[in-house]
Amino acid sequence: MPPKAPPAARIESLRIRNYRALRDVTFKIADPLTVLLGQNGSGKSTVMDVLAFLSECFERGLRVAWEQRLRFDQLRTRGATGPIEIAIKYREAKRLPLITYVIKIDESDDGPYVQSETLSWSRDGRGRPFVFLRFTRGKGQVVSGEEPDESAQRVDSDLDSDDLLAVNALGQLTDHPRVSALRRFILSCHLCYLSAESGR
């Protein structure tokens, strides 16, 4: 018999701030199949592009994904001045801890940079989530291991550049299995666009 496939991770919540038409929206995703309905120009395709943008940041780098979208002139919500923020809450499998990933992206004269990046989880559903990865402009700390908690040692780590994603860089190391799991999850996302015209 072929080996049993691992359970699929699933997003439970997605918050987007200052990304094109989405100034500040939160999607609660209760079912595996989620349908977005709305008028043309309401931001449905933008939600998909947020996930595509994040995946491209992991696969090809922030600067490439940023350049492909005509920089912040086209990326940031018109009139907004703060960073673009993407927050994903997901579980690696049913009944496993809720994990939250938050990334804030801004730009300077030198180009885009990761203002901050955090990865946390709530193992028992009570109290404040434990942050086991926290980076600001390429410098931060991470707690390694299968089940990072307060008793584990925080390790200082510096990235080569502030336009690198800490989860992408550290997620390629076996020392950080929870970080690696998020990286694999983002890179394995497949986006499909379905319209009424194509359905016909």
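A residue counts as buried when its relative accessible area is under 20%. By that cut-off, 44% of the 200 residues of the chain are buried. The model is predicted, and its confidence is the first thing to colour by.

**Whole chain**

Colour the chain by pLDDT. The mean is 85, and 87% of the residues reach 70 or more. Among the elements, the lowest mean pLDDT, 58, belongs to helix α6 (residues 196-199). The highest, 95, belongs to strand β7 (residues 139-143).

Switch to a cartoon view. The chain has six helices and eight strands. Traced along the sequence, their order is β-β-α-α-α-β-β-β-β-β-β-α-α-α. Of the contacts in the chain with a separation of 6 or more, 49% are between residues 24 or more positions apart.

**Stop 1: helices α1 and α5**

Select residues 44-60, helix α1, and residues 177-188, helix α5. Their axes come within 8 Å and cross at roughly 115°. The crossing is left-handed. Now show side chains: α1 contributes Leu54, Ser55, Phe58 and Glu59 to the contact, and α5 contributes Arg183, Ile186 and Leu187. By class, the residues of this contact are four nonpolar, one polar and two charged.

**Stop 2: arginine 63 and aspartate 163**

The structure holds 14 salt bridges. Start with the one between aspartate 163 and arginine 63, where the closest N and O atoms are 3.2 Å apart. Arginine 63 is in helix α2 (residues 62-68) and aspartate 163 is in the loop between β8 (154-158) and α4 (166-170), so the bridge ties together parts that are 100 residues apart in sequence. Arginine 63, at 34%, counts as partly exposed.

**Stop 3: arginine 76 and strand β4**

Select arginine 76, in the loop between α3 (71-75) and β3 (84-91), together with aspartate 106 in strand β4 (residues 98-108). These two form a salt bridge with the closest N and O atoms 3.1 Å apart. The pair ties together parts that are 30 residues apart in sequence. Both arginine 76 and aspartate 106 are buried.

Glutamate 107 counts as partly exposed because its relative accessibility is 29%, whereas arginine 76, at 15%, counts as buried.

For another group of charged residues, select Arg15, Arg17, Asp24 and Glu85, which are linked in a network of salt bridges.

**Stop 4: leucine 170**

Move to leucine 170, in helix α4. Its relative accessible area is 7%, so leucine 170 is buried. What does leucine 170 touch, not counting residues up to four places away in sequence? Show Leu133, Phe135, Val142, Ser157, His176, Val179 and Ser180. For a distance label, pick the C-alpha atoms of leucine 170 and valine 142: they are 28 residues apart along the chain and separated by 8.9 Å.

**Stop 5: phenylalanine 130**

Next is phenylalanine 130, in strand β6 (residues 130-136). With a relative accessible area of 11%, phenylalanine 130 is buried. Leaving aside neighbours within four places in sequence, phenylalanine 130 is in contact with Leu119, Ser120 and Trp121, and also with Val143, Pro148, Asp149, Glu150 and Arg154. Proline 148 is 18 residues away along the chain, and its C-alpha atom is separated from that of phenylalanine 130 by 8.4 Å.

**Stop 6: serine 122**

Finish at serine 122, in strand β5 (residues 111-122). Is serine 122 buried or exposed? Its relative accessible area is 16%, so serine 122 is buried. Beyond its neighbours within four places in sequence, serine 122 is in contact with Pro97, Leu98 and Pro129.

Notes:
Residues are numbered from 1 along each chain as its sequence is written. This is a predicted model: local features need pLDDT of at least 70, side-chain atom pairs count only at pLDDT 80 or more; totals for chains, interfaces and linings use all residues. Side-chain values use heavy atoms; hydrogens and water are left out. Helices (H or I, at least four residues) and strands (E, at least two) are DSSP runs, numbered from the N terminus. Buried means under 20% relative accessible area, exposed over 50%, partly exposed in between (1.4 Å probe, protein chains only). Contact means heavy atoms within 4.5 Å. pLDDT is the predictor's confidence in each residue, from 0 to 100. Axes are lines fitted to C-alpha atoms, for helices over the stretch in contact, and angles run from 0 to 180 degrees between N-to-C directions. A crossing is left-handed if the near helix is turned anticlockwise from the far one by less than a right angle, and right-handed if clockwise. Ala, Val, Leu, Ile, Met, Phe, Trp, Tyr, Cys and Pro count as nonpolar, Asp, Glu, Lys and Arg as charged, and the others, Gly among them, as polar. A salt bridge is a side-chain nitrogen of Lys or Arg within 4 Å of a carboxyl oxygen of Asp or Glu.
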